[in-house]
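Please look over the model shown below before reading on.

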Amino acid sequence: MAASHAENEEAISNILIVIAMQTEALPVVNKFNLTEDPQSPFPEGVPWVRYHGTYKDLNLNLIWPGKDPALGVDSVGTISSALVTYAAIQALQPDLIINAGTAGGFKARGASIGDIFIVSDCAFHDRRIPIPVFDLYGVGLRKAFESPNLVKDLDLKVAKLSTGDSLDMTEQDESSIIANDATVKDMEGAAIAYVADLLKVPAIFIKAVTDIIDGDKPTAEEFLQNLAAVTASLDLAVEKVINFVKGKCLSEL
């Protein structure tokens, strides 16, 4: 377990931001003038990248899983995000984790392109184990750290998040997402929630909608079309959240 993260009554000072894609990460890196760490705290040979800096007395570490060494694309998905979150908690001992990223949204649940959501609960939709109790383990439902004052102050929407390792959605995935009562769908959140829960570090999740899953456009096309504009909104949301957190204890969020 992470030994040194803040007790509820100590001001938060050390924040770990986990972001899956370089396109999502770089606006935040630039906004807070973070610099890439040449002495990586991670094992030799892994592609994981740490940016760090200070902002108004906060120690900020942004971790991006980097590019796949063989294929050169962003290391998206649950495995990379779980590994990098675990390694970053061990190396950096954060008080709070912020997972920021893009997501698909369901218009039937009220999501629109560019909407920003704070996540209340995370679960998986593609870990189907139809055996009693293993089924619940597969779903892996976890609550995000509750931040009612943050949500109210920044006037953010709250939603449940469903996570899976595919950008598209099968009929079985859709049934599970409906069962998870999810408004947004991503490829990392529930895995990060699992690690954060295991190591007892509070985590909040900020998700920006790039594509409407139950709309008429193909998901991949819509995602790529909206990625740049929506990451600008995500960057702004991360800035607002960090400004709100500054000087506060966990119990004040």
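How many positive and negative side chains does the protein have, and how far apart do the centres of the two sets lie? The protein has 20 positive and 35 negative side chains, and the centres of these two sets are 4 Å apart; Lys and Arg count as positive and Asp and Glu as negative, while His and the chain ends are not counted, and each charge is placed at NZ of Lys, CZ of Arg, CG of Asp or CD of Glu. This is a predicted model, in which local features need pLDDT of at least 70 and side-chain atom pairs count only at pLDDT 80 or more, whereas totals for chains, interfaces and linings use all residues. Residues are numbered from 1 along each chain as its sequence is written, and side-chain values use heavy atoms, with hydrogens and water left out.

**Overall form**

- The protein holds seven helices and 10 strands, where helices (H or I, at least four residues) and strands (E, at least two) are DSSP runs numbered from the N terminus.
- With a radius of gyration of 17 Å, close to the 18 Å that the globule rule gives for 253 residues, the protein is as compact as a globular protein of that length; the radius is taken over C-alpha atoms, and the rule is 2.2 Å times the number of residues to the power 0.38.
- Along the principal axes, the C-alpha atoms fill a box of roughly 45 × 40 × 35 Å.
- Of the 253 residues, 53% are buried, a term that means under 20% relative accessible area, with exposed meaning over 50% and partly exposed in between (1.4 Å probe, protein chains only).

**Aromatic pairs**

- The count comes to two aromatic pairs, under a rule by which rings of Phe, Tyr and Trp (its six-membered ring) pair if their centres lie within 6.5 Å, with planes under 30 degrees apart counting as stacked, over 60 as edge-to-face and the rest as tilted.
- The rings of Phe 32 and Tyr 55 have centres 4.7 Å apart and planes at 80°, so this pair is edge-to-face.
- Phe 32, in the loop between helix 1 (22-31) and strand 2 (35-36), is 23 residues apart from Tyr 55 in strand 3 (residues 49-55), and the pair links distant parts of the chain.
- Phe 32 counts as buried at 3% relative accessibility, and Tyr 55 counts as buried at 17%.
- The rings of Phe 42 and Trp 48 have centres 5.5 Å apart and planes at 80°, so this pair is also edge-to-face, and both residues are buried.

**Ser 147**

- Ser 147 lies in the loop between strand 7 (142-143) and helix 4 (148-154), and it is buried, with a relative accessible area of 5%.
- Apart from its neighbours within four places in sequence, Ser 147 is in contact (heavy atoms within 4.5 Å) with Ile 118, Ile 204 and Leu 253.
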